[in-house]
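Open the model in your viewer and keep the selection tool at hand. We will go from stop to stop, selecting as we go.

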Amino acid sequence: MKKEDRPILLVEDNPDDVELALRAFRKNHVRNPIVVARDGVEALEWLNGTGAHEGSDAMLPQVILLDLRMPRLGGLEFLEQIRNDLRTRRLPVVIMTSSTEEEDLVRSYDLGANSYIRKPVDFNQFIEAVRQLGLYWLVLNEVPRGG
């Protein structure tokens, strides 16, 4: 399976940030399918093919872009759960958050985040951040088969 066939899992509850990310992916010609989960519970259901995603093919994503502040199950709790699962423990996870809390940064890396990015407020800076993310995580980075 080619890298561009594997989806990007965007875990984000803010509809404006989702739309901004989707526009940035389109503008940067990212060809990977984008799967949007509105919180950690929905993301876990998608990864495991359970709940609303029961019976769907649970394809592991090329990368997970993860917000921290979400309802039901926040980003840090989600990260902790996938790192404790043998099937998902090695998936690349990029934290994309507006949090400026040092504690969030430290805890993210302690739980196994691969990268921590503060969301740029300016649209053009956001586009550039997505371009660089796409170049590294979707083109250059190698992940083990099966996650």
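Select helix H1 (residues 15–27) and H5: their axes come within 9 Å and cross at roughly 60 degrees. That angle makes H1 oblique to H5, because angles under 35 degrees count as roughly parallel, over 145 as roughly antiparallel, 65 to 115 as roughly perpendicular and the rest as oblique. Axes are lines fitted to C-alpha atoms, for helices over the stretch in contact, with angles from 0 to 180 degrees between N-to-C directions. Helices (H or I, at least four residues) and strands (E, at least two) are DSSP runs, numbered from the N terminus.

This is a predicted model: local features need pLDDT of at least 70, side-chain atom pairs count only at pLDDT 80 or more, and totals for chains, interfaces and linings use all residues. Residues are numbered from 1 along each chain as its sequence is written, and side-chain values use heavy atoms, leaving out hydrogens and water.

Now show the side chains between H1 and H5. From H1, pick Leu-20, Ala-21, Arg-23, Ala-24, Phe-25 and Lys-27. Their partners in H5 are Phe-123, Phe-126, Ile-127 and Val-130. Contact here means heavy atoms within 4.5 Å.

Next, select helix H2 (residues 40–48) and H3. They pack at an angle of about 25 degrees, with axes 9 Å apart. That makes H2 roughly parallel to H3. Gly-40, Ala-43, Leu-44 and Leu-47 of H2 meet Phe-78, Gln-81 and Ile-82 of H3.

In H3, Leu-76, Leu-79 and Glu-80 meet Asp-104, Arg-107 and Ser-108 of H4.

How many salt bridges does a search of the whole structure find? There are eight. Each is a side-chain nitrogen of Lys or Arg within 4 Å of a carboxyl oxygen of Asp or Glu. Zoom in on one of them: Lys-119 with Asp-67, at 3.7 Å from N to O. This pair links distant parts of the chain, 52 residues apart. Lys-119 is in the loop between strand E5 (115–118) and H5. Asp-67 is in the loop between strand E3 (63–66) and H3.

Last stop: go back to helix H5 (residues 123–140) and find Val-139 there.
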